[in-house]
Amino acid sequence: PGKLYNLRSSLDLQPDPDAWPIHLTHENIVATPPRNSLTIPRPPDTVRFFVIEEFPAPPVVLYDEDFEPGVGEWTTGVDGDPGSDWELGTPNSIFEPASGAHSGVNCFGTIIGGTYSVSANVWLLSPEIDLTTAAVATLSYFEFRDIDDFGDSGSITIFDAADDSLIAVLEADVTGLNNDWAEVTFEMPAAALGKTIQIEFRFTSDPTSLPLFGWYIDDVLVTEP
């Protein structure tokens, strides 16, 4: 799964088979697990050589969100004390991240242009993402973190959109500081494949939290593979 194939052919054993011509139209052939097969007419040549070239299929975008159009179908909620809601907007250059959003002008953050409060428990939930035909899938996004290491943290969780049941916790302890936007990548767990899922970003703080800038999310992308 996730591989493509070319059938290349040459009348003599020239070096570098990668440069041999494609035979007829047999290129970008999709894998057919558990066994790949291809039937071709017998060539008229007395001697002809063939090579099978395997390479990864380019990623197919299953979901892509840069938050420039607005909130869309993303939802937010507060399960703890008020004062640390996820907000969509442009970070103020006075605060972190000083560079603004990772791309464009919008991103989600735990209080845009401010510091998060104590006893927070806030969540940011994606729309439904269709993985019903995916054999493999990858989640990536960009984040900025300014989170107290002692008692405050974020988490990334995958839920089944059909019944809100838990599929997997991708990361349970997002904390600390990164000095600029950084890309985060996860391979989707096997239990998420073949389903429609939702991704939750949740942030919590304890009653003695320092006044820090929190967690910012931008450019969420799900691809196959």
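Colleague: I would like to begin with the sheets, so which strands make up the open sheet of 3 strands, and in what order do they stand?

Modeller: In general, the strands of a sheet pair through backbone hydrogen bonds, and the pairing is either parallel or antiparallel. In this predicted model, the open sheet of 3 strands has the order 2-1-3, and its pairing is antiparallel. Strand 2 (29-30) and strand 3 (49-56) stand at the edges with a single partner strand each, so one side of each is left without a neighbour in the sheet.

Colleague: How many bridges pair strand 1 with strand 3, and which residue of strand 3 stands opposite Arg8?

Modeller: Strand 1, which covers residues 3-10, pairs with strand 3 over 8 bridges in the antiparallel sense, and Val51 is the residue of strand 3 that stands opposite Arg8.

Colleague: Turning to strand 10, how many of its residues are buried, and which strands does it pair with?

Modeller: Strand 10 is mostly covered, with 9 of its 10 residues buried. An antiparallel pairing of 6 bridges joins strand 10 to strand 14, where Tyr141 stands opposite Val184. Strand 10 also pairs with strand 16 over 8 bridges, again in the antiparallel sense, and there Thr138 stands opposite Thr223. Finally, 2 bridges join strand 10 to strand 13 (residues 176-177), and these two run antiparallel, with Asp146 opposite Leu177.

Colleague: Which residues touch the most other members in the largest nonpolar core?

Modeller: As a general idea, side chains in a regular strand alternate between the two faces of the sheet. The largest nonpolar core here holds 34 residues, and Leu139, Ile156, Ile199 and Phe201 touch the most other members. Among the elements that give two or more residues to this core are strand 10 (138-147), strand 11 (153-160) and strand 15 (196-204). Leaving aside neighbours within four places in sequence, Ile156 is in contact with residues including Leu139, Tyr141, Phe186, Ile199, Phe201 and Trp215. Apart from this core lies another, of 8 residues, with Cys107, Trp181, Phe213 and Tyr216 among them.

Colleague: What volume does the largest pocket have, and which residues are closest to its centre?

Modeller: The largest pocket holds about 200 Å³ of space, and of the 14 residues that line it, Pro1, Gly2, Lys3, Ala57 and Glu224 are the closest to its centre. The lining of the largest pocket divides into 10 nonpolar, 2 polar and 2 charged residues. The second largest pocket has a volume of about 160 Å³, and its lining has 6 nonpolar, 3 polar and no charged residues, with Tyr5, Asn36 and Ile52 among those that line it.

Notes:
Residues are numbered from 1 along each chain as its sequence is written. This is a predicted model: local features need pLDDT of at least 70, side-chain atom pairs count only at pLDDT 80 or more; totals for chains, interfaces and linings use all residues. Side-chain values use heavy atoms; hydrogens and water are left out. On a 1 Å grid over the protein atoms alone, a cavity is a set of points where a 1.4 Å probe fits but cannot get out, and a pocket is an open set with protein on both sides within 12 Å along at least five of seven lines; lining residues have an atom within 4 Å of a point. Grid points are joined across faces, edges and corners, and a volume is the space filled by probe spheres set on the points. Ala, Val, Leu, Ile, Met, Phe, Trp, Tyr, Cys and Pro count as nonpolar, Asp, Glu, Lys and Arg as charged, and the others, Gly among them, as polar. A nonpolar core is a set of buried Ala, Val, Leu, Ile, Met, Phe, Trp, Tyr and Cys residues joined through side-chain atoms within 4.5 Å. Buried means under 20% relative accessible area, exposed over 50%, partly exposed in between (1.4 Å probe, protein chains only). Helices (H or I, at least four residues) and strands (E, at least two) are DSSP runs, numbered from the N terminus. Contact means heavy atoms within 4.5 Å. Two strands pair if DSSP finds at least two bridges between them.
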